[in-house]
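User: I'm new to this one. Can you walk me through how the helices pack, and then the ligand?

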Amino acid sequence: MSMDRTAFRQVHHEVDFCVIGGGIAGICAALAAARRGARVVLMHDRPVLGGNASSECRVPICGADRAGQIPYLRETGILEELRLDNLRRNPHREYSIWDLILYEKTQYQPNLTLLLNCSCLDAEVVGDAITTVTGWQLTTQIYHAVTAKIFADCSGDAVLAPLTGHPFRMGREARDEYRESIAPEVADDRTMGMTCFVQAREHDSPQPFEPPAWAYRYESVEQLPFDQHGRYEIAHRAFGLGYWWVELGGEQHSIHDTEVLREELLRIALGVWDHIKNRGDYGADNWALEWIQFLPAKRESRRYIGAHVLTQNDLESEGRFQDVVAYGGWTMDDHHPAGFNAAKLGAPATIYHPTPSPYGIPYRCLYSHEVKNLMFAGRCHSATHSALSSTRVMGTCASMGQAVGTAAALAVARGVGPAGILHHIPALQQTLLADDCYLPWVKQQTPRLTSEADLSASGGEPEPVRDGVNRPVGEDTHAWPCKPGDWIAYTFARETPAESVVLLLDSALEKDIALSLYGGHRNQAEPRVPEVVPRSLRIEGLSRGNWQLLHGVENNHQRFVRIPINRRLDGVRVTIEETWGADTSRVYAFYLTGGHLGGHTTQ
Ligand SMILES: Cc1cc2nc3c(=O)[nH]c(=O)nc-3n(C[C@H](O)[C@H](O)[C@H](O)COP(=O)(O)OP(=O)(O)OC[C@H]3O[C@@H](n4cnc5c(N)ncnc54)[C@H](O)[C@@H]3O)c2cc1C
């Protein structure tokens with residue numbers, strides 16, 4: 001029996017760029033493209049955004065800084081903006097507030113149409129390009145058909161691969177295939193599994209727990225998983241987080257078996273909680289369950305085969321690709337396919353294989369060479385199982401997502417497809433850097449208006465604000481050190497039209513600012529705006545020998561600040577008036593856009 005679409009309403013959208021899946025990768029792709037001028041649809045099948053990072057799954061976002069363990073490698077750009085908003089507005093670490101921030105950013109982004117509760121289930125391919133994708137919106141019973149120039153699959157499960165007949169991989173490559181030492185000798189279809197968390201909250205008095213009859217029973221800690229460093233600590237502080245090793249699915253089908261596995265995962269998760277409460281002494285007397293995850297969070301399923309397949313060797317050799325557009329740095333955290341049941345086999349639930357941090361991710365892993373207008377970001381990008389065991393963390397997915405969205409907008413503007421952007425990599429890299437992404441080994445080109453002006457400051461060496469590196473690298477801070485009351489200024493040889501002032505400010509890149517609940521080492525992540533962030537700024541323009549106030553910035557909590565000026569001036573001065581509490585701060589970049597100097601337009 002064929003599906004009768006005409007029984008339901010159909011709505012047609014025509015845009016430049018359509019993103020499927022509103023996890024962290026998809027959000028960053030959609031926002032980046034819309035902000036760079038493309039008309040975008042973001043189609044997402046859940047009521048809340050964020051994928052595994054949403055309130056439905058509550059996985060904390062990690063990345064190349066390994067939750068603050070490697071200072072100054074946190075992903076900036078859109079993800080940093082989202083996280084800093086969260087610190088400002090979510091002091092109690094409520095996941096619903098985080099959902100709200102993601103919703104607000106996408107719902108109210110000009111150029112972006114957000115389709116929530118809308119599941120992509122069809123794609124029309126003509127020749128070697130997708131013309132239209134269709135999604136079913138559960139809440140309205142409407143079919144949304146989206147025609148676009150470029151599509152990005154950020155669905156995690158790579159839904160557009162089967163829908164378009166695109167080649168994909170599911171499972172582990174053989175060791176010989178890409179010469180990966182951590183790969184199994186023989187290829188198989190096993191993956192990393194999925195997880196359901198349970199989270200608890202502490203109360204003032206003892207809280208009994210009576211497990212449901214169908215929960216599993218674990219009398220001894222020996223029945224629970226461990227890793228290569230030993231048994232996991234089931235300690236007081238982690239009760240609010242949940243246990244990632246409540247994991248299954250690597251030995252089944254990590255898409256088709258999800259509903260069956262959810263039932264098993266709930267039985268295990270509640271059994272683990274029963275063990276903690278009733279069969280051991282873990283200091284959990286006053287803790288009671290407050291949240292149970294009904295949507296399993298996935299780690300791995302289909303992976304696209306793109307123009308390049310990222311491998312273990314690429315990561316280990318730092319990924320110094322000429323077309324680097326994103327980066328990672330998590331260890332290869334290669335979960336045993338048996339997940340929770342690995343303990344029964346005497347095997348660790350995961351093995352952490354070292355990687356350098358950072359390593360670069362090339363553009364060629366993010367687009368198809370089969371379907372000419374298909375891109376991908378997030379865990380379905382083109383990588384081997386071994387490489388994915390590192391790149392899957394969401395800071396890295398965000399970095400890929402912003403690269404894909406930015407590349408799509410550039411491609412639309414230049415009238416080329418995703419592959420055509422391979423010939424414009426410097427432009428893509430410079431656009432990403434201008435939007436505060438970090439690309440290891442790639443310097444930002446300072447706008448001419450900035451590089452040709454005189455730079456001075458009330459104290460401290462100001463030159464690093466235009467050295468093209470916008471965070472500490474090695475011993476060099478690449479920053480102008482400042483304190484409240486200090487100023488920094490450009491003066492021009494002649495009156496010059498300036499469009500905007502751009503500042504990259506200190507946002508404590510050395511700290512972990514991930515959103516997570518009351519758990520373990522993650523309590524280090526402070527749920528408030530870092531004290532070093534400059535809170536108020538004064539922007540002045542020099543005209544006829546006088547400094548005049550152009551803008552006062554109050555209550556800033558962001559690292560990336562862009563202030564429009566749009567006037568002819570002899571100079572621009574920025575004064576740091578106040579921080580969020582620290583005596584000292586830093587400015588990583590200060591530059592001016594626009595202007596027409598000596599016959600050259602700068603940007
Ligand atoms: C238990 C667990 C612990 C983890 N721990 C960490 C950690 O500590 N830190 C970390 O950074 N990472 C961690 N990871 C890995 C990380 O969460 C994932 O790799 C990451 O979420 C991938 O991001 P994504 O945007 O590609 O996909 P997702 O987060 O899966 O988002 C994709 C979204 O697309 C939507 N979608 C799917 N199909 C469709 C469709 N047909 N139409 C429309 N929308 C669709 C999905 O609903 C989903 O919301 C963990 C994973 C798990 C499971």
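**Helix packing and ligand contacts**

Analyst: Helix α9 (residues 394-414) packs against helix α10 (residues 425-434) at an angle of about 125 degrees, and their axes are 10 Å apart. Axes are lines fitted to C-alpha atoms, for helices over the stretch in contact, and angles run from 0 to 180 degrees between N-to-C directions. Helices (H or I, at least four residues) and strands (E, at least two) are DSSP runs, numbered from the N terminus.

User: What kind of model is this?

Analyst: This is a predicted model, where local features need pLDDT of at least 70, side-chain atom pairs count only at pLDDT 80 or more, and totals for chains, interfaces and linings use all residues. Residues are numbered from 1 along each chain as its sequence is written, and side-chain values use heavy atoms, with hydrogens and water left out.

User: Back to α9 and α10. Which way do they lie to each other?

Analyst: At that angle, α9 and α10 are oblique to each other. Angles under 35 degrees count as roughly parallel, over 145 as roughly antiparallel, 65 to 115 as roughly perpendicular and the rest as oblique.

User: Which residues make the contact?

Analyst: From α9 come Gln402, Ala403, Thr406, Ala407, Leu410 and Arg414. From α10 come Ala427, Leu428, Thr431 and Leu432. Contact means heavy atoms within 4.5 Å. By class, that is six nonpolar, three polar and one charged residues. Ala, Val, Leu, Ile, Met, Phe, Trp, Tyr, Cys and Pro count as nonpolar, Asp, Glu, Lys and Arg as charged, and the others, Gly among them, as polar.

User: And how do α1 and α9 sit? What's the angle there?

Analyst: Helix α1 (residues 24-35) and α9 cross at roughly 30 degrees, with axes that come within 7 Å. The two helices, α1 and α9, are therefore roughly parallel. On the α1 side, the contact includes Ile24, Cys28 and Ala32. On the α9 side, Met394, Gly401 and Thr406 are among them. The residues split into eleven nonpolar, four polar and no charged.

User: What about α1 and α3?

Analyst: α1 and helix α3 (residues 95-107) pack at about 30 degrees, with axes 10 Å apart. So α1 and α3 are also roughly parallel to each other. Ile24, Ile27, Leu31 and Arg35 of α1 meet Trp98, Leu102, Lys105 and Thr106 of α3. That contact has five nonpolar, one polar and two charged residues.

User: Switching to the ligand. Which residues come nearest?

Analyst: Asp45, Pro60, Cys62, Arg392 and Met394 come nearest, of the 33 residues around the ligand. A residue is near if one of its heavy atoms lies within 4 Å of the molecule.

User: Where are the ligand's oxygen atoms relative to cysteine 62?

Analyst: One is 2.8 Å from a polar backbone atom of cysteine 62. A backbone N or O atom of arginine 392 lies 2.6 Å from an oxygen atom of the ligand. For asparagine 52, a side-chain N or O atom is 2.9 Å from a ligand oxygen.

User: Last topic, the loops. Which peptide bond is cis?

Analyst: The bond joining serine 357 and proline 358 is cis, with omega about 5 degrees. Proline 358 is in the loop between β18 (350-353) and β19 (359-362).

Conventions. Polar contact = N/O pair within 3.5 Å; in protein donor to acceptor, adjacent residues only side chain to side chain.
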